[in-house]
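Have the chain open while you read.

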Amino acid sequence: MPDLFPQLMAVAFTYLVSGASFATIPLFVSRELGQGATVVGTLTGLSFLVAIATRLWAGGFADRKGPKPALILGVWLAVLSGLFAWAADIYQDSTRVAIWSLILSRVLLGSAEAIVVVAAQTWALAVAGPTRSAMALGWVGSASFVTTAIGAPVGGILYAAYGFEGVAIVMILIPVPIIAWLMRVPGASVEVGQSLVFMDVIRRIAIHCVTIGLVGVSYGTIVSFSVLLFEERGWAPPWMGLTLFSVALVAIRIFAGSVPDRFGAGRTAVWSLVVQFAGFALMAHSHSVAGAYVGAMLAGLGFALVYPSVASQALNRVPPRNRGAAMALFSAAVNLVLGIGGPFMGILAEHRGTGAVFYLAAVAAFLAGLIVLSGRTSAPYRG
């Protein structure tokens, strides 16, 4: 979709910075600052917590001012995040100053990620139109997912060669050309007409937020616990499960991203959740690495089209004027699950084994499928 290229590039470069940051801040904190896992965990968790509040604000801002100003603001915040990361390296001899600089860097980057993805989704929906809404959302999601994965090894290479200073400088420089490019791209017009108050938006798409929150359990499981599952069961390499999941997800969104628009969002979501359930159940129960590989790929295949399918159903319940608020609320549901559910899944893994977390993900996919199958996500809003 060449008409979405500027928005996708803004998402890609912002999340490339995010991936590099996630991969190197723990190293900098432990090696240079001499701090432990508590500080690392706090800095990581800040992104999810900040993203929830910022997404909600960003949706309203994009609806009122247009997605282009919101997207440019988000990319600028990514640049500022890099400046504070650089300050942490410069003042690393003062642990307190360095940590506070990192806190500000993570707050700014978490805000940047949230604003950029909401603005890009809102802009993409305006460009693509209602007949391609699921495909547009899928492409935006793929851009963030792929570049986060690429950013991690890029950050690691930079850190090994030039230290955290090199990472911070790249974090500053990468987004700047995107800002210059976006300034030259014609923006989408702000929709006029009926607008809902925020509580009305919540009431209209609450069931969709619950559904995607359940799907978020699956995403958090594969991202946070697949490596642990492979290590626990002696399967190598331990990162292969996440890699196969990611490859399957991106491949489906590239080659079959229009399926929800062509064959129906509800039908696509149900079958996707069936496949996702099978994938996580297989990973949980498998006693061979081959079975785990197949399970990871099935999980990725199933996950790929659930988000854009349910999101397109949610958008059908709100007027165009409230697309940004709806997408912000919808995305915040996933962040809430990732931010709060992670510790509970960790406790479950410690007491019942990592496989139990994958069974939980399968159950969550099953429950989400029941909600979609009941027709509640596709039914018109009745007030």
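1. Let's begin with Gln 7, which is buried, with a relative accessible area of 2% (buried means under 20%, exposed over 50%, partly exposed in between, using a 1.4 Å probe and protein chains only). Gln 7 is found in helix 1, residues 5-32. Not counting residues up to four places away in sequence, Gln 7 touches Leu 71, Ala 120, Trp 123 and Val 127; contact here means heavy atoms within 4.5 Å.

2. A word on where this comes from. The model is predicted, so local features need pLDDT of at least 70 and side-chain atom pairs count only at pLDDT 80 or more, while totals for chains, interfaces and linings use all residues. Residues are numbered from 1 along each chain as its sequence is written, and side-chain values use heavy atoms, with hydrogens and water left out.

3. Now follow helix 1 along its length. Its 28 residues should span 40 Å at 1.5 Å a residue, and the end C-alpha atoms are 39 Å apart, which agrees. The expected span is 1.5 Å times one less than the number of residues. Helices are DSSP runs (H or I, at least four residues), numbered from the N terminus.

4. Helix 1 also has a kink of about 30 degrees at Thr 24, shortly before the proline Pro 26. The bend is the angle between axes fitted to the seven residues ending at a residue and the seven starting there. After the helix comes Gly 34, with a positive phi near 70 degrees.

5. Next, Ala 134 in helix 5. Is Ala 134 buried or exposed? Ala 134 is buried, at a relative accessible area of 1%. Leaving aside residues up to four places away in sequence, Ala 134 touches Gly 257, Pro 260, Asp 261, Pro 308 and Ser 312.

6. The second largest pocket has a volume of about 250 Å³. Of the 16 residues lining this pocket, the closest to its centre are Pro 130, Ser 133, Ser 312, Leu 315 and Asn 316. Helix 5 (133-173), helix 9 (259-263) and helix 11 (289-315) each give two or more residues to the lining. On a 1 Å grid over the protein atoms alone, a pocket is an open set of points with protein on both sides within 12 Å along at least five of seven lines, and lining residues have an atom within 4 Å of a point.

7. Finally, look at the loop between helix 7 (198-232) and helix 8 (240-255), where Pro 237 lies. The peptide bond from Ala 236 to Pro 237 is cis, with omega near -10 degrees.

Definitions and conventions
On a 1 Å grid over the protein atoms alone, a cavity is a set of points where a 1.4 Å probe fits but cannot get out, and a pocket is an open set with protein on both sides within 12 Å along at least five of seven lines; lining residues have an atom within 4 Å of a point. Grid points are joined across faces, edges and corners, and a volume is the space filled by probe spheres set on the points.
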